[in-house]
Amino acid sequence: MKFDIVHKRKWWFLLSALFLIPGLISMAIQGFNLGIDFTGGTLLDLKFAQPVAVGEIREVLKDYQLEGSTIQLSLTGQETKANNVFIRTHVLSEEERRNVLGGLETKLGAFEVLRVEKVGAVIGSELTLNAILALIISWVLMIVYISYRFEYRFAFAGIAALVHDIFIVLGVFSILQKEIDATFVAALLTIVGYSINDTIVIFDRIRENLKTYRKSDGLAELVNRSIWQTMTRSIYTVLTVIFATAALYIFGGETTKNFSLALLIGFASGAYSSIFNASQIWVTWREYDEKRRTEKRIKGE
Amino acid sequence: MRWENFTKFLVIVVAILAVAGFYMKPLALSIKQGLDLQGGTHVVLEASDTVDTKVDDDAMKRVVSILERRINELGLTEPIVQRQGDRRVIVELPGVKDPEKAIEMLGRTALMEFQDESGNVVLTGKDLKDARAQIDQGGQKLVSIEFTSEGTQKFADLTARSVGKHIAILLDKQVLTNPVVNEPIPGGKAVISGNRSIEEAERLAILLRSGALPVKVDVLETRTVGPSLGEDSKEKSMQAFVIGIAAIVIFMLLFYRISGFIANITLILFVLLLLFSLKMLNATLTLPGIAGIILSMGMAVDANVLIFERFKEEYRNGKTLRAAMDAGFSRAFATIWDSNITTLIAAAVLFFLGTGTVKGFAVTLALGIVLSMFTAITVTRYVLKMLIHSNIIKNGKLYGA
């Protein structure tokens, strides 16, 4: 008999809770570092010919009453100066932006514009709404499909594991105060797609084993066997996608860093929740239902 | 031993590798690149009602065609003007040199008016036939304008009764110039002076030629990616792509040996097909799109992992190599089907609700899932069968068991 994963399910749920709670607290207290895609605003990504310090930039921005803006340098190592600067302000009109860029050039020297983005506040709130809508619609559609191909308990257990993964990623991004932008939404939905895929493979094995199931074997034992039968696959698969995303995270450009970080966390969490949470929720639920049915029958007699 | 099968197997493997070696890179580079990769400006404009005009379908159509005219004059390769929803227009300007000026030009209403001394509007931009920037002998930057026949008449009347008086030429209610009329001008031609540079004169000429927007248009969103950042992203994501694919290839070889080798060959075929489909669909490749490709490679391999794991199980339970392989494929199929459909659901939702780059990601992911079902299942099975039927390698261990 292999290590009994199902039997120890309380511990797995507890472990998940241990990861989820700090994230939830962080979300409640400090919230998210929302990028201009959500809040609206202007982003300037500039590469100066000479390294500059945050203080110098802030000094220039003061002339335009923008000293409260977020200023970030892409630093390597211990230096306090860097060539590459991100500035995030509230929405600037085309003219204001021209003035700010002009001021930076006269005071701090020439720079190259890597990226300039302006997002109106209307677009930001639309994006948030669309993101939530997209998540909910995808969940509903998946519940429908899984209920049709398996049964409703599998569907809800699978979605519960998914919600777990989404909250883990949200939690980490809140704790680390990593910036959340439009591509983060895409990352979340990819995690949804991947995590459910992972879970379905295990459910599929349970479904197959249920065909030859005898009550005396015990449901927990059956699920445990199913998890172990698919274990190599679960590990290999998460390894291959993690290779691919890690390559993107390490070697990809600055603009995809947060995107691939979200994927990395989500895939790891997805693999965990598929093995340790999803089927366990299903077993618990089904055993509870069976117990109630037997009780009813006894009472009825 | 059946050499015929083995030869067929070799031919297929060599063919796929050769095609990939020669065409993969040119194919990848020939796909249209998004602004995040090639640099450029993305603008979202929104029309709003004015006192005189409400935003309706007709007004939006006119807005789009006027914006198109303005942009075409900028001489960019493949600019895009696209209506989105009831009141929005998306404009993409790849490789635009001065994004700030271009954005400013797009949002201008460009309503031109000629007023007499008492401020009555006599002519508008509608009376113009043409407008061109030029420099006169004195080095003055001018916009020479030509009126329509009706406009010529109106302008002649205006100048006739304004001799010795001021007239004003206004753009969007701001005075461009207000010269004193020396003599009546019947020829239907005039010049607007007072431009600071020839570029400014050219922009004014473009605005006048393309006509005034029927409604007020605001710039909601602009995103500019500089050419060097685009180049950098392209290079880095290519690198990530190569490293990602290499890691997967080595992994599969280590764990599944010959089966892994065949899975790798079909993975290469998968990438080729995916790039080819993107090209055929005239899709735009964006950074998240590349991430989608890398991710779908992982999914394509997952199908093979499922099949080979199943094969291992069946083989260890005492089945022959052939029977175990067959069972591996047929039993893993249901799993792959159900798991991929659910992922496809997520991709479809992303496609219908996402915008811009997110949509590009959804397309590559969805295409990737569908194509991987074909390459990882059908093609892998076909090629593996040939090898097994050739009876050259009979040891199950070499197939990863």
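**Domains and interface**

1. Chain B is assigned domain 1, made of 3-36 + 226-399, and domain 2, covering 40-224. The structure is a predicted model, and the points below should be read as such. Taken over C-alpha atoms, the centres of domain 1 of chain B and domain 2 of chain B are separated by 53 Å.

2. For chain A the assignment gives domain 1 (9-35 + 123-300) and domain 2 (41-119). Here the C-alpha centres of domain 1 of chain A and domain 2 of chain A are 40 Å apart.

3. How many residues does the contact take from chain B and from chain A? Chain B contributes 56 residues and chain A contributes 55 residues. On the side of chain B that touches chain A, at least two residues each come from α4 (99-107), β11 (216-225), α7 (227-280), α8 (287-316), α9 (321-353) and α10 (356-389) of chain B. Of the elements of chain B, α7(B) gives the most to this side, with 14 residues.

4. Sorted by class, the side of chain B that touches chain A consists of 31 nonpolar, 15 polar and 10 charged residues.

5. Strand pairing also links the chains: strand β5 (residues 111-119) of chain A and β11(B) run antiparallel and are joined by 5 bridges. Which residue of β11(B) is the bridge partner of Val116(A)? That partner is Thr224(B).

Definitions and conventions. Residues are numbered from 1 along each chain as its sequence is written. Chains are lettered from A and ligands numbered from 1 in the order in which they are written. This is a predicted model: local features need pLDDT of at least 70, side-chain atom pairs count only at pLDDT 80 or more; totals for chains, interfaces and linings use all residues. Two residues are in contact if their C-beta atoms, placed from the backbone, lie within 7 Å. Helices (H or I, at least four residues) and strands (E, at least two) are DSSP runs, numbered from the N terminus. Ala, Val, Leu, Ile, Met, Phe, Trp, Tyr, Cys and Pro count as nonpolar, Asp, Glu, Lys and Arg as charged, and the others, Gly among them, as polar. Two strands pair if DSSP finds at least two bridges between them. Domain bounds come from an automatic or database domain assignment.
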